[in-house]
Amino acid sequence: IAPSGFANNTNITHVFFEKNNAAGPPQLRKINEYAFNSCTSLKKIYWPETTEYLAQYCFAHCQNLEITEVGGNINYIEPYAFHNALASVTDDLYLGGNIRYLASRAFNTVTMNVNTLIIGSKTEPSQLRNSGGREYDYVSNGGFFRHNIENGVSGVTIYCSAVDQSFFQRLVDEGYITMRPGATVNIFTV
């Protein structure tokens with residue numbers, strides 16, 4: 001999807017990607033910068049399994065967008081991808097195991113009253129890593145979790161490799177994941 005391809009279109013409510021031809025599924029790899037910026041009526045988007053990259057501001061100001069899962073093959077979410085977007089998330093938020101880069105402020109100014117934050121799954125362990133503190137890679141110091149989940153979560157479930165277990169445990173122990181009183185934490189190695 002081209003940069004600003006559908007920006008400011010207030011008539012779009014749902015986006016589906018269908019097969020381009022009989023040869024197979026659509027081959028959408030990247031949703032570019034500002035692609036759906038300010039599509040204020042957009043409620044649902046169904047991206048194909050080939051989508052890997054959500055660029056900065058691609059869904060900015062889409063305040064009615066309803067997402068409880070960012071999974072599939074998406075592995076890179078840039079800063080501000082969902083800036084000032086999303087209808088309030090009040091249920092579980094699932095971040096798929098293929099996400100390798102989750103920028104700080106990816107969900108900037110989003111009201112997230114998340115019940116349970118689920119990262120990875122039993123069959124798809126999280127690929128997030130402590131990557132050495134690049135300027136925008138705040139997963140390594142918990143910036144995504146600290147800046148985006150404002151009211152805390154009541155539970156965290158993380159499926160990760162044994163190598164990454166200590167990294168996620170540190171995020172919890174050092175308060176980088178904002179938690180409500182009495183919250184439960186489950187970190188499983190898979």
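**Pocket, sheet and aromatic cluster**

Fifteen residues line the largest pocket, written here as 15 residues, and Ile45, Tyr46, Trp47, Ile67 and Glu69 are those nearest its centre. A pocket is an open set of points on a 1 Å grid over the protein atoms alone, where a 1.4 Å probe fits and protein lies on both sides within 12 Å along at least five of seven lines; lining residues have an atom within 4 Å of a point. This is a predicted model, in which local features need pLDDT of at least 70 and side-chain atom pairs count only at pLDDT 80 or more, while totals for chains, interfaces and linings use all residues. Residues are numbered from 1 along each chain as its sequence is written, and side-chain values use heavy atoms, with hydrogens and water left out.

The volume of the largest pocket is about 320 Å³, taken as the space filled by probe spheres set on the grid points. Strand S3 (residues 44–46) gives the most to its lining, with three residues. Strands are DSSP runs of E, at least two residues, numbered from the N terminus.

An open sheet of four strands runs in the order S2-S4-S6-S8, with parallel pairing; two strands pair if DSSP finds at least two bridges between them. Strand S2 (30–31) and strand S8 (101–102) stand at the edges with a single partner strand each, so one side of each has no neighbour in the sheet. Strand S4 (residues 53–54) pairs with strand S6 (residues 76–77) over two bridges, and Leu54 has Ile77 as its bridge partner in S6.

The whole structure holds nine aromatic pairs. Rings of Phe, Tyr and Trp (its six-membered ring) pair if their centres lie within 6.5 Å; planes under 30 degrees apart count as stacked, over 60 as edge-to-face and the rest as tilted. The rings of Phe36 and Phe59 have centres 5.5 Å apart and planes at 5 degrees, so this pair is stacked. Phe36 lies in the loop between S2 and S3 and Phe59 in the loop between S4 and strand S5 (69–70), so the pair ties together parts 23 residues apart in sequence. Trp47 and Phe59 form a tilted pair, 6.1 Å centre to centre with 40 degrees between the planes. Phe6, Phe36, Trp47, Phe59 and Phe82 form one aromatic cluster.
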